[in-house]
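Biologist: Thanks for sitting down with me! Could you walk me through this model?

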Amino acid sequence: MLAMPATAAPPVIPSHVDPVARGASTIIGGPVGRHARVGANSLWTPLRVLLLLTIVTFGLGWAQKLPCHGGNYGENNFHAYTRLCYTDVHALWFAEGLAEGKTPYVDHPVEYPVVIGGIMQAATFTADNATEFYDRTSIILLVSALVMTGTSVALAGRRRRWDAALVALAPGLALHGTTNWDLPAAALAGLGLWQWARGRPVWSGVLLGLAVATKLYPAIFFVPLFVLCLRAGKLGAWVKSVGTALGVYLGLNVIGYAIAGKFVYGDPGKSLLLFGDSDEPRNSIGRFFVLNQERGADWDSLWFFAQEVMKRLTDNPNWAFTMSSEESAFTLNRLVAVTFLLSLVAIGVLIWRAPRRPRVGQVLFLTLAAFLLTNKVNSPQYTIWLIPLAVMARPRWGAFLTWQVLELAVMFTRFYMFVQFSKPDRGLPVEAFLTAIAARDIALIVLMGLVVREILRPDRDVVRADGDDDPAGGVLDRAPDRSPRPVAERGKRAEPARRRSRPATA
């Protein structure tokens, strides 16, 4: 690695500035010495060290799932639940027809977006059974994890590259790296944000479009980005990015629609309908949208928590948002839409009225966290979506690790609740799982509150305290800020225009 110029500020070492990281460093001998030449070794650069840590973390997660490696889950998945080793990759080898040699969408209506269908097909080329399919998929997921860490290093900025250690060592990466196909989406989203940070909105749109075609969640990034660009007078970059992303997403789905089969409950049909009555054939690409429209409150969501609380308050075991009731699912969909839209409005107002334009990482984290809290599906592996954004938003160890540890509690109580359904003497009651959901979501809300506080009080933001504006901002970094003056300055005489337009410093 090239030597840093003598005038360059030294890198920020977490064990020097964060009390939790300092305490944790005692496991390996304590904080890095003040006079250590960090990054001077051309072999062990920060990026390479963090990639190695990612491999170790991912490997621990892969090893943790070894009890299920042969695909023997036992009766009612009992073995997988008691050993916490269940993974959708094994289960969907059978459920999606891959074990029978079927091609996703063409021979079977897969419930995932098109890029994941492509990844499934790629992993089946040399796989003869569920174990081989899982191993080949794990290689793809490991590469994705490395990309996620690498983009986190790039988005952290030159001085704060070591903040990406939070991504590389995240418990959620170990717990859910191979639970589902979430890592490719996070990797593509990270690449898209990296291109945005480099001031390349078109390439950012291409990669974010691919990410949306893998998991839909990156689509919501464009909402807070719109407000940020509006505040900075950079809407042209936003239009290029969102237009390109939409074109890529639609292009992939049109191709998929054209080659996909038509099905009625898995049987070939003749109609080209994407949606329609349940007894009419549909293009298999539509299965993802139909399932999400019809499903009820999923286990890990706050809506499931509310449903279980209402059962107890009303003494009515039938009080529920369930898949068996079309009216109930419709009502839940409206509630989800309204609560998330209100959250978007609140975040938009925060972006516009903040004393200083928030950083990209801060508002993307708030938006995605609000989406997961208000959504009717909040599966445990979705924590992977949030991990890199949480580190971008607030690279502090305490609140981050608290939230991540509580994700472990959710997974443990979830699986042992399932055990209790078939073996009451060996499992945990639903109440234990509900408590874990509440604790996890409270920790996430607290983390969101800390981010909001740092948006309103930029002097508390550790990233800006180092003199940076927005390392992931791209065209927004050090751009003019056209917001209202801070509340504390209202009533004071306005500064000259030349000084007012200059970016504030922490």
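Modeller: Happy to! Among contacts (heavy atoms within 4.5 Å) between residues at least 6 apart in sequence, 69% join residues at least 24 apart. This is a predicted model, where local features need pLDDT of at least 70, side-chain atom pairs count only at pLDDT 80 or more, and totals for chains, interfaces and linings use all residues. Residues are numbered from 1 along each chain as its sequence is written, and side-chain values use heavy atoms, leaving out hydrogens and water.

Biologist: What share of the 506 residues is buried?

Modeller: Buried means under 20% relative accessible area, with a 1.4 Å probe and protein chains only. By that cut-off, the buried share of the 506 residues is 50%.

Biologist: Which helices do the buried residues of helix 13 pack against?

Modeller: Helix 13 covers residues 235-259, and its buried residues include Trp238, Tyr249 and Asn253. Helices here are DSSP runs (H or I, at least four residues), numbered from the N terminus. The packing partners are helix 6, helix 10, helix 11, helix 12 and helix 14.

Biologist: How is helix 18 oriented relative to helix 19, roughly parallel or roughly antiparallel?

Modeller: Helix 18 (residues 383-393) and helix 19 (residues 397-422) pack at about 175°, their axes 12 Å apart. Axes are lines fitted to C-alpha atoms over the stretch in contact, and angles run from 0 to 180 degrees between N-to-C directions. Angles under 35 degrees count as roughly parallel and over 145 as roughly antiparallel. Helix 18 is therefore roughly antiparallel to helix 19.

Terms used
Helix = DSSP H or I, 4+ residues; strand = E, 2+ residues; numbered from the N terminus. Expected span 1.5 Å × (residues − 1). Parallel < 35°, antiparallel > 145°, perpendicular 65-115°, else oblique.
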